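Biologist: Could you walk me through how to read a domain interface? I would like the general idea, then the case at hand.

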Amino acid sequence: MTTKNLLFLPGDGIGVEVHAEVKRIIDWFNKRGTVTFNIDEGLVGGACYDAHKVSILDETVDLAKKSDAVIFGAVGGPKWDDVPFDVRPEAGLLRLRKDLDLFANLRPAIVYPALADASSLKRDHVEGLDILILRELTGGTYFGEPKEIVTLEDGQKRAVDTTVYTTSEIERIAAVGFELARKRSNKVHSAEKRNVMVAGVLWNDTVTALHKKSFSDVELHHILADNCAMQLIRWPKQFDVIVTDNLFGDVLSDEASMLTGSLGMLPSASLGAEDENGKRAALYEPVHGTAPDIAGQNKANPIAMIASFAMALRYSFDLGEEAQMVETAISNVLDKGLRTGDIMQDGMEEVSTTAMGQAVITEMEALS
Ligand code: NAD
């Protein structure tokens, strides 16, 4: 029997509530006895600021580096809108991404059959949709220097963000994209803005060269990021894997989330490079935030968080069967008509966060 070490960072708002449902699923696996998960827990975001006046402690980052996977909830909320910029809740997450070198962010957008009508698009546009947006996560506009607001001689202020990418940064994310595509429908769209940004020119050249050198069996398309945004709405099924930079990936993956119906359904994984022992740093989190409008009311949809844990089972622990069991349980619960408020439809039964979590466990019990 193997033991896996998880670091739980629930964060703020509904992050705490949806985390509790994953904890119950882990308890279920632990009781079953084929795999054992040890859980350490830490503070991050606003909760950490309230306790320690920083958004994450150094010792928590060290624990994250030692763990087999970090299970992250969400951070932020109006309560911390006025805290200093460098200790704002999001800074804790950005530091984890940077210190663990989590350069590859996987965001699947899958439309469960029972939810095809919940999408903003027509059923035939999204039914059976299964696309993966792969976002570069540690470079580009969010980290490039200079990043500053300066006061000019005439008293005006000027803000500067800088988009920076090196060849190796582009190569390593593109390689992950090609490798994932080989396990899927073997098609990659690389999205950038080479028409107006030199970072886009280098991105395009580098992806083209890597494709030619090592991945010529994979179908590669280059697409301008703005056209990609349009095509995602026009006909999303044309895509399989979309690989793109940090800024465009942030926007395109949120757009893709609407194809699936609700932010509450979207899991994500962030992976680092493999070390010499083949171990990859990894952080799993739902795409959604802390949802202050429903926090503390037992209304949050826990499926994105639970599905993020299923990604951990698959990508960090090679437990594909267990991952599939969790995903099938989610699909079955939806087929039976259970819905949290965000995905509620006529004729379905509205349930709470805890009831949805329990229903997934009941299905897992039935499947095992
Ligand atoms: P949000 O994702 O928190 O909420 C957007 C809308 O979707 C809300 O109406 C919310 O109720 C709904 N929603 C989101 N997740 C849901 C779920 N699981 N179940 C049911 N409904 C759900 O985004 P926001 O309102 O823009 O941000 C709120 C706070 O969260 C802000 O402080 C923001 O900075 C933070 N945030 C954090 C992360 C993160 O930690 N990774 C990501 C996004 C936003």
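Modeller: 15 residues of domain 1 are in contact (heavy atoms within 4.5 Å) with 15 residues of domain 2. This is a predicted model, where local features need pLDDT of at least 70 and side-chain atom pairs count only at pLDDT 80 or more, while totals for chains, interfaces and linings use all residues. Residues are numbered from 1 along each chain as its sequence is written, and side-chain values use heavy atoms, leaving out hydrogens and water.

Biologist: Which residues make up domain 1 and domain 2?

Modeller: Bounds come from an automatic or database domain assignment. Here domain 1 covers 1-103 + 272-368, and domain 2 covers 111-261. Their centres, taken over C-alpha atoms, are 24 Å apart.

Biologist: What area is buried between domain 1 and domain 2?

Modeller: Buried area is the accessible area (1.4 Å probe) that two parts lose on being put together, summed over both. For this pair that comes to about 1,500 Å², with carbon and sulfur atoms giving 64%. On the domain 1 side, Arg97, Lys98 and Phe103 supply 38% of the area buried against domain 2, more than any other three residues.

Biologist: How many salt bridges cross the interface of domain 1 and domain 2?

Modeller: The rule asks for a side-chain nitrogen of Lys or Arg within 4 Å of a carboxyl oxygen of Asp or Glu. Across this interface it finds 1 salt bridge. As for side chains that pair this way, arginine 172 and aspartate 101 meet in a salt bridge at 3.1 Å, N to O.
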